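Subject: Two-chain model, handover and notes

Hello,

Here is the structure we talked about handing over. My notes on what was found in it follow below.

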Amino acid sequence: MFTDILPPELEEEVARPPRRWGAVLFVLFLLAIILAGGGLLVLARFGRIPTASPFIARTARDGDPDAETLRRRAVQATAALERVRPNGAYIVVDSYRNRLRLYRDGDLVRNAVCSTGTGIVLKDPRNGRQWVFDTPLGERTVERKVKNPVWAKPDWAFVEEGMIPPKDPNERFDGDSLGNYALYIGDGYIIHGTLFKTLLGRRVTHGCIRLGDEDLEFVYRHAPIGSRVFLY
Amino acid sequence: MEAAIAKRPVVYMVLDPARRVLEVRSRSLVLDRVALEGIEVVTEQPLFSGWPPTLPELPATWTIAQGPGDTDREIIAPAELRPYVSPDQEEEAVPEPTPTAVPTGPAATPTPVPEPPSAYRARLDNGWDLLITDTLPADTLIPRFLAAVHDGWQRLRGLGESKPPAVALAMAKENCQRIHHLMRTGTEILVLPTP
């Protein structure tokens, strides 16, 4: 209706179809996708990713020994391993699961819940001295056994409680904490009892191995001095 | 090889790729046994290219040069220390209204022990890593592509980190945590030959 009043040069303008904004937006969108994708590809090319491949190792050649040599070596190795294997009573301590197992001639005779070291490091704020509360790994032996043991508290026991260690050695003796029996396995590590029975089965100690009363008495009676203790 | 290690009072490990087993031993006595879900060689490579790594010869004894059992530790320290007061003096200073019972429970809350991680690396003396993990790297395209983009972006920002090739032992999460504390400097791992 307006065309009647429009000048002729504008009539043509109005009659032109509307601009294709949709197509323009689509093209822009495609361009953005291509640019982003290209960017990601470039980034991916820069990146290094863990790539797994089969474990196929080369076998070391030892001069291709004959069957007799191999057999002789195997016998020697078996004998050498047999010589170092424990006999009689020995103790195995699993410091992750907090279990102490007592074996006699390879047979399990006691499986006890214990507590082992936390693995935490304690630092003395005065001088930076550190103590690592680990249950040691490896093989030790029962060096001595004591009934009604008395604990001579080391410095860390005071530092942990926020106290300066006393100068008087008599202030260090504690006749209650170790329980009724103690098996000393070297370097201050002890298999002993505990006042805190509910903490058995957890890693709460300063490196020693704590047992409940009945298990401790059993181990004390059945593991003679010299028994090997394997800690892992 | 094992006879040489077993002469010493140490804990060592024996990796048997054929049986897919990692054993914890001392004096040739098997203390613990961990079943492996997979053994792979993990190398960091670009997305669309790669090369097969050259594995060390077997049998071999690998020694841990630095392990998470040494480094992943919590450190505690009191802010300051007060002078020592004997329990007798303490009792005099603060008289107890009622006699205290012998403690049978957690009188003091023990410091919570952090749970070991389920994936970690130990550096070996041969320049390789031992990767203990409950999940092997993804081998499908999209996760690999996304990981490559992420790593590329990190490297562009100067945060990328190159890791040496690793022998990856995949096992259940609990087993990863169980052997974490054994991965200490000096721990030896005897690797048996593959058939």
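**Folds of the two chains**

In chain B, 76% of the contacts between residues at least 6 apart in sequence join residues at least 24 apart; two residues are in contact if their C-beta atoms, placed from the backbone, lie within 7 Å. For chain A, 59% of the contacts with a separation of 6 or more come from residues 24 or more positions apart.

Before the rest, the conventions. This is a predicted model, in which local features need pLDDT of at least 70 and side-chain atom pairs count only at pLDDT 80 or more, while totals for chains, interfaces and linings use all residues. Residues are numbered from 1 along each chain as its sequence is written, and chains are lettered from A and ligands numbered from 1 in the order in which they are written.

Chain A has five helices and 16 strands, and chain B has five helices and 11 strands. Helices (H or I, at least four residues) and strands (E, at least two) are DSSP runs, numbered from the N terminus. Of the 232 residues in chain A, 29% are buried; in chain B the buried part is 30% of 195 residues. A residue is buried if 20 or more other C-beta atoms lie within 10 Å of its own, exposed if 12 or fewer, and partly exposed in between, with C-beta atoms placed from the backbone.

The radius of gyration of chain A is 38 Å, whereas a compact globule of 232 residues would have one near 17 Å. That radius is taken over C-alpha atoms, and the globule rule is 2.2 Å times the number of residues to the power 0.38. The C-alpha trace of chain A spans about 120 × 70 × 35 Å along its principal axes.

Helix α2 of chain A covers residues 21-46, which makes 26 residues, and reaches 38 Å from its first C-alpha to its last. This is close to the expected 38 Å at 1.5 Å a residue, the expected span being 1.5 Å times one less than the number of residues. One of the 26 residues of α2(A) is buried, so the helix lies largely in the open.

**Where the chains meet**

The contact takes 57 residues from chain A and 75 residues from chain B. Elements of chain B that each supply at least two residues to its side include α1 (2-6), β2 (21-26), β3 (29-35), β4 (38-45) and α4 (141-156). The largest share, 11 residues, comes from α4(B). By type, the residues on the chain B side are 45 nonpolar, 14 polar and 16 charged. Here Ala, Val, Leu, Ile, Met, Phe, Trp, Tyr, Cys and Pro count as nonpolar, Asp, Glu, Lys and Arg as charged, and the others, Gly among them, as polar.

One sheet includes strands of both chains: it is open, with three strands in the order β7(A)-β6(A)-β7(B) and mixed pairing. Two strands pair if DSSP finds at least two bridges between them. The edge strands, β7 (130-132) of chain A and β7 of chain B, each pair on one side only. Strand β6 (residues 121-123) of chain A pairs with β7(B) in the parallel sense over two bridges, and I75(B) is the bridge partner of V121(A).

**Cores**

A nonpolar core is a set of buried Ala, Val, Leu, Ile, Met, Phe, Trp, Tyr and Cys residues joined through C-beta atoms within 7 Å. The largest has 66 residues, of which I91(A), L183(A), I190(A), V219(A) and V167(B) touch the most other members. Its largest share, five residues, comes from β10(B). Leaving aside neighbours within four places in sequence, L183(A) is in contact with V142(A), K145(A), I190(A), I191(A), V219(A), Y220(A) and A223(A). A second, separate core of five residues includes A44(A), L47(B), A148(B) and V149(B).

**Backbone points to check by eye**

- L58(B) and P59(B) are joined by a cis peptide bond, with omega about 0°; P59(B) is in the loop between β5 and β6 (60-66) of chain B.
- D187(A), a residue other than glycine, has a positive phi near 55°. D187(A) is in the loop between β12 (181-184) and β13 (190-192) of chain A, and is exposed, with 9 other C-beta atoms within 10 Å.
- R27(B), also not a glycine, has a positive phi near 50°. R27(B) is in the loop between β2 and β3 of chain B, and is buried, with 23 other C-beta atoms within 10 Å.

Regards
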